[in-house]
Amino acid sequence: MRIEHFPISFKAIAVDLMEGKQVVLDRGDLVTALRATTAFPGVFAPLMHNNQMLVDGGVLNNLPVEEMKKNYGGQVIAVDVAREHEKKPPRNMIEVVYRSYSLMTAERKHSSLKLADLVIRPGGTNLTKGEGAIRRSTCQRSCCCKKGLNDNNVLVKPLPGEA
(Lines give C-alpha, C1' and ligand atoms only; values in the text may rest on other atoms or scores of the structure.)
Protein backbone atom coordinates (compact mmCIF):
# COMPACT_ATOMS: atom_id res chain seq x y z
CA MET A 1 0.00 0.00 0.00
CA ARG A 2 1.43 3.33 -1.03
CA ILE A 3 1.10 6.35 1.26
CA GLU A 4 0.42 8.80 -1.54
CA HIS A 5 -2.70 6.82 -2.54
CA PHE A 6 -4.40 7.24 0.85
CA PRO A 7 -7.71 9.13 0.81
CA ILE A 8 -6.43 11.52 3.51
CA SER A 9 -2.98 12.96 4.03
CA PHE A 10 -0.62 10.72 6.05
CA LYS A 11 2.84 11.55 7.33
CA ALA A 12 5.07 9.45 9.55
CA ILE A 13 8.15 10.84 11.25
CA ALA A 14 11.48 9.08 11.63
CA VAL A 15 14.97 10.29 12.52
CA ASP A 16 18.05 9.69 10.40
CA LEU A 17 20.77 8.74 12.88
CA MET A 18 23.51 9.50 10.33
CA GLU A 19 22.48 13.16 9.89
CA GLY A 20 20.68 13.67 13.21
CA LYS A 21 17.65 15.08 11.41
CA GLN A 22 13.94 14.43 11.25
CA VAL A 23 12.65 12.66 8.12
CA VAL A 24 9.03 13.03 6.97
CA LEU A 25 7.74 9.86 5.31
CA ASP A 26 4.78 10.92 3.17
CA ARG A 27 5.38 8.82 0.04
CA GLY A 28 6.21 5.24 -0.74
CA ASP A 29 5.48 1.95 0.94
CA LEU A 30 3.45 2.14 4.16
CA VAL A 31 5.20 -0.90 5.66
CA THR A 32 8.59 0.75 5.18
CA ALA A 33 7.37 3.96 6.84
CA LEU A 34 5.86 2.08 9.78
CA ARG A 35 8.98 -0.05 10.19
CA ALA A 36 11.13 3.10 10.33
CA THR A 37 8.90 4.91 12.80
CA THR A 38 8.70 1.91 15.12
CA ALA A 39 12.46 1.31 15.26
CA PHE A 40 12.64 2.22 18.94
CA PRO A 41 16.34 2.60 19.86
CA GLY A 42 17.59 -0.16 22.13
CA VAL A 43 14.62 -2.38 21.31
CA PHE A 44 14.41 -2.65 17.50
CA ALA A 45 17.19 -2.27 14.94
CA PRO A 46 17.24 0.88 12.79
CA LEU A 47 15.95 0.61 9.22
CA MET A 48 18.47 1.28 6.46
CA HIS A 49 16.54 3.02 3.65
CA ASN A 50 17.77 5.38 0.89
CA ASN A 51 21.20 5.75 2.54
CA GLN A 52 19.55 6.73 5.81
CA MET A 53 19.57 4.92 9.16
CA LEU A 54 16.01 5.49 10.37
CA VAL A 55 14.63 5.15 13.89
CA ASP A 56 11.52 6.27 15.76
CA GLY A 57 10.84 9.99 15.23
CA GLY A 58 10.35 10.43 18.96
CA VAL A 59 14.11 10.57 19.33
CA LEU A 60 13.85 14.25 18.34
CA ASN A 61 10.14 15.00 18.66
CA ASN A 62 7.67 12.40 19.86
CA LEU A 63 4.56 14.26 18.63
CA PRO A 64 5.43 16.85 15.92
CA VAL A 65 2.02 18.55 15.77
CA GLU A 66 3.40 22.09 15.56
CA GLU A 67 5.68 21.22 12.63
CA MET A 68 2.88 19.43 10.79
CA LYS A 69 0.57 22.46 11.15
CA LYS A 70 3.28 24.92 10.15
CA ASN A 71 4.74 22.99 7.21
CA TYR A 72 1.72 21.14 5.84
CA GLY A 73 -1.42 22.91 7.10
CA GLY A 74 -4.82 21.27 7.36
CA GLN A 75 -6.29 19.29 10.20
CA VAL A 76 -3.81 17.39 12.40
CA ILE A 77 -4.89 14.15 14.05
CA ALA A 78 -2.48 13.08 16.78
CA VAL A 79 -2.44 9.48 17.99
CA ASP A 80 -1.24 9.25 21.60
CA VAL A 81 -0.11 5.68 22.25
CA ALA A 82 1.96 6.44 25.34
CA ARG A 83 0.92 5.01 28.66
CA GLU A 84 0.66 7.24 31.68
CA HIS A 85 3.63 7.16 34.04
CA GLU A 86 3.51 4.15 36.34
CA LYS A 87 4.88 4.44 39.86
CA LYS A 88 5.85 0.79 40.12
CA PRO A 89 9.41 -0.30 39.36
CA PRO A 90 10.26 -1.44 35.82
CA ARG A 91 10.48 -5.24 35.55
CA ASN A 92 13.19 -5.52 32.88
CA MET A 93 15.62 -3.51 30.75
CA ILE A 94 13.06 -2.85 28.02
CA GLU A 95 10.76 -1.25 30.59
CA VAL A 96 13.70 0.79 31.95
CA VAL A 97 14.46 2.12 28.44
CA TYR A 98 10.79 2.81 27.71
CA ARG A 99 10.21 4.58 31.04
CA SER A 100 13.33 6.73 30.61
CA TYR A 101 12.35 7.65 27.05
CA SER A 102 8.79 8.48 28.14
CA LEU A 103 9.98 10.74 30.95
CA MET A 104 12.38 12.57 28.62
CA THR A 105 9.62 13.36 26.15
CA ALA A 106 6.57 13.81 28.41
CA GLU A 107 6.51 17.61 28.68
CA ARG A 108 6.94 18.18 24.97
CA LYS A 109 4.23 15.60 24.23
CA HIS A 110 1.68 17.32 26.49
CA SER A 111 2.35 20.69 24.81
CA SER A 112 1.95 19.12 21.37
CA LEU A 113 -1.32 17.38 22.29
CA LYS A 114 -2.87 20.77 23.07
CA LEU A 115 -2.13 21.95 19.51
CA ALA A 116 -3.72 18.97 17.72
CA ASP A 117 -7.15 19.32 16.12
CA LEU A 118 -8.05 15.83 17.28
CA VAL A 119 -6.29 13.39 19.62
CA ILE A 120 -6.98 9.67 19.50
CA ARG A 121 -5.91 7.43 22.36
CA PRO A 122 -6.29 3.81 21.17
CA GLY A 123 -7.53 1.24 23.62
CA GLY A 124 -10.11 3.51 25.19
CA THR A 125 -12.66 6.14 24.46
CA ASN A 126 -10.51 9.06 25.51
CA LEU A 127 -10.70 11.65 22.72
CA THR A 128 -9.70 15.27 23.07
CA LYS A 129 -10.13 18.22 20.75
CA GLY A 130 -7.42 20.80 21.23
CA GLU A 131 -7.34 21.80 24.88
CA GLY A 132 -10.95 20.85 25.67
CA ALA A 133 -11.78 17.27 26.55
CA ILE A 134 -14.76 15.44 25.09
CA ARG A 135 -16.16 13.97 28.30
CA ARG A 136 -17.71 10.53 28.65
CA SER A 137 -21.38 11.28 28.42
CA THR A 138 -24.45 10.62 26.33
CA CYS A 139 -23.18 13.09 23.75
CA GLN A 140 -19.80 11.40 23.27
CA ARG A 141 -21.05 9.16 20.49
CA SER A 142 -22.43 12.12 18.54
CA CYS A 143 -19.21 14.08 19.11
CA CYS A 144 -17.19 11.18 17.70
CA CYS A 145 -19.51 10.84 14.72
CA LYS A 146 -19.24 14.57 14.00
CA LYS A 147 -15.48 14.16 13.86
CA GLY A 148 -15.80 11.24 11.43
CA LEU A 149 -14.96 8.56 14.01
CA ASN A 150 -16.88 5.42 14.82
CA ASP A 151 -17.30 3.94 18.32
CA ASN A 152 -13.83 2.34 18.08
CA ASN A 153 -12.13 5.71 17.39
CA VAL A 154 -11.50 4.73 13.76
CA LEU A 155 -11.69 7.46 11.12
CA VAL A 156 -14.55 6.57 8.79
CA LYS A 157 -14.71 9.76 6.71
CA PRO A 158 -12.24 12.55 5.89
CA LEU A 159 -12.09 15.64 8.07
CA PRO A 160 -13.37 18.90 6.56
CA GLY A 161 -10.90 20.20 3.99
CA GLU A 162 -9.38 16.75 3.40
CA ALA A 163 -12.06 15.42 1.03
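Which residues lie nearest the centre of the second largest pocket? In this predicted model, local features need pLDDT of at least 70 and side-chain atom pairs count only at pLDDT 80 or more, whereas totals for chains, interfaces and linings use all residues. Residues are numbered from 1 along each chain as its sequence is written, and side-chain values use heavy atoms, with hydrogens and water left out.

The second largest pocket is lined by 14 residues, and those nearest its centre are Leu25, Arg27, Gly28, His49 and Asn50. A pocket is here an open set of points on a 1 Å grid over the protein atoms alone, where a 1.4 Å probe fits, with protein on both sides within 12 Å along at least five of seven lines; lining residues have an atom within 4 Å of a point. The elements giving two or more residues to this lining are β2 (21-25), α1 (30-37) and β4 (52-56). The contribution of β2, 3 residues, is the most given. The volume of the pocket is about 160 Å³, taken as the space filled by probe spheres set on grid points that are joined across faces, edges and corners. By class, the lining comprises 6 nonpolar, 5 polar and 3 charged residues (nonpolar: Ala, Val, Leu, Ile, Met, Phe, Trp, Tyr, Cys and Pro; charged: Asp, Glu, Lys and Arg; polar: the others, Gly among them).

The chain contains 4 helices and 8 strands, defined as DSSP runs numbered from the N terminus (helices, H or I, at least four residues; strands, E, at least two). Their order along the sequence is β-β-α-β-β-α-β-α-β-β-β-α. Of the 163 residues, 32% count as buried (buried, under 20% relative accessible area; exposed, over 50%; partly exposed, in between; 1.4 Å probe, protein chains only). Among contacts (heavy atoms within 4.5 Å) between residues at least 6 apart in sequence, 52% join residues at least 24 apart.

Glu4 lies in the segment before β1 (12-16) and counts as partly exposed because its relative accessibility is 30%. Beyond four places in sequence, Glu4 touches Asp26, Arg27 and Gly28; its C-alpha atom is separated by 6.8 Å from that of Asp26, 22 residues apart along the chain. The side chain of Glu4 makes a polar contact with the side chain of Arg2 (2.9 Å), and one of its polar atoms lies 2.7 Å from the backbone nitrogen of Gly28. A polar contact is a pair of N or O atoms within 3.5 Å; within protein, one must be able to donate a hydrogen and the other to accept it, and residues adjacent in sequence count only if both atoms are side-chain atoms.

Asp80, in the loop between β5 (77-79) and α3 (93-115), is buried, with a relative accessible area of 6%. Its side chain makes polar contacts with the side chains of Lys109 (3.4 Å) and Arg121 (2.9 Å). Residues touched by Asp80 beyond four places in sequence also include Leu113, Val119, Ile120 and Pro122. Val76 occupies the loop between α2 (65-72) and β5 and counts as buried at 10% relative accessibility.

The mean pLDDT (the predictor's confidence in each residue, from 0 to 100) of the chain is 76, with 74% of residues reaching 70 or more. Over residues 125-146 pLDDT stays under 50, and the model has 31 contacts beyond four places in sequence for this stretch. Residues 152-163 also have pLDDT below 50, with 28 contacts beyond near neighbours in sequence.
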